[in-house]
Amino acid sequence: MRINCIIVEDEPLALERTREYALRLPYLNVLATFDNAPDALAFLKTGRVDLIFLDINLGEVSGIQMLETTAVDCPVILTTAYQEYALKGFDLKVADYLLKPFTFERFVQAVERVQPVRRAVTPGSSIFVKVESRLERVVLREIVFIEGMRDYRKLHAAGRRLLTPQTFAEFERQIPPHIVCRVHKSYMVALDKIDSVERGRIRIKDRVIPVSETYREQFYTLINHPSR
C-alpha cells in the first residue's frame, strides 16, 4: 500500500533530509513539499494526502496553528528541534514527534506507527520482469539478490539468471523492502537468503555483497526488526 505524504518544513537542509528519508521507503509517495503552512493547507483541499511531516516553526502560521485547523484530517508526524512542544503535539493527537536531528531508524519507526505499511507476501506473490521482448514472472520468495551491470540488472532467483533493463528504483517500487532490500548502489538482497553479515559485508552462499553507507541504516533497521 502506497502512502501519499507531504512535507511542510521551512529549513532547506531539514526538508531535504526528511525528503531523502521518505524516498528511501518505497511505500511512501512524496506528493509535494512546502516551506509554509498556507500553501500546504491549500494543497490539502485536493484530498489526496494520507500523512503529513510537519515542522512547528514555520513563520507567520505555525505548525501547531495548522494542526488546529479542520483542514488537517490525516495522521501527522511533527518534526522540530524543540522538545517543549511535545506535550502540545500529543494533545492534538499527532502520530509521532521527531526531535531534530533524527535518524533514519527513528524516522522508520514513526512512519510504521502511523499504520502497518508492509504488504503481506504469500508464497505465490510475484512480479513481472522485462527480459528482451517478453515479461518473465518471478516469484518474490525465489529471489536471492539483484546486481547492477552497467545499463542492466541481473536478477538471481532459484537457479535462474535474468538480465533486465529495469532500474533498481523500479524494483524498489515493486518489492517490499522486508523481502528484498537495497543495500548498495549496485545491489539488492533478499533478507531471508542472507547467511551472515560481518563488517559491512553480506554473505549469501559463495557471494559477498557490500553494504554501503547510504543504505546501512535502513538495512540494519530491517534485519534487527524483522516483524516490522
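A salt bridge here is a side-chain nitrogen of Lys or Arg within 4 Å of a carboxyl oxygen of Asp or Glu. Keep that in mind as you look around this predicted model.

**Stop 1: a network.** Select Glu9, Glu11, Asp55 and Lys100 together. These residues are linked in a network of salt bridges. Across the whole structure, a search finds 13 salt bridges, and the next stops visit some of them.

**Stop 2: Arg106 and Asp96.** Show both side chains. They meet in a salt bridge, with N to O at 2.8 Å. Now colour helix α5 (residues 104-114) and strand β5 (residues 96-99): Arg106 sits in the helix and Asp96 in the strand, so this pair ties together parts that are 10 residues apart in sequence. Is Asp96 buried or exposed? Asp96 counts as buried, at 1% relative accessibility, because the cut-off for buried is under 20%.

**Stop 3: Arg182 and Glu172.** Move on to this pair, whose side chains form a salt bridge of 3.1 Å, N to O. Here distant parts of the chain are linked: Arg182 belongs to strand β11 (residues 180-184) and Glu172 to helix α6 (residues 168-174), 10 residues apart. Check the surface again: Arg182 is buried, with a relative accessible area of 10%, and Glu172 also counts as buried, at 18%.

**Stop 4: Arg216 and Glu213.** Select helix α7 (residues 213-224), where you will find both of these residues. How far apart are the closest N and O atoms of the Arg216 and Glu213 salt bridge? They are 3.3 Å apart. Glu213 counts as exposed, at 63% relative accessibility, since exposed means over 50%. Arg216 is partly exposed, with a relative accessible area of 27%.

Stop 5: Zoom in on Cys5, which stands opposite Val30 in β2. While you are there, follow the side chains along a strand: in a regular strand they alternate between the two faces of the sheet. Together, β1, α1 and β2 make a right-handed β-α-β unit.

Terms used. Residues numbered from 1 in each chain as written. Predicted model: local features only at pLDDT ≥ 70, side-chain atom pairs only at ≥ 80, totals over all residues. Heavy atoms only, no water. Helix = DSSP H or I, 4+ residues; strand = E, 2+ residues; numbered from the N terminus. Buried < 20%, exposed > 50% of the residue type's maximum accessible area, 1.4 Å probe, protein only. Pairing = 2+ DSSP bridges. Right-handed = clockwise from strand over helix to strand, strands pointing away.
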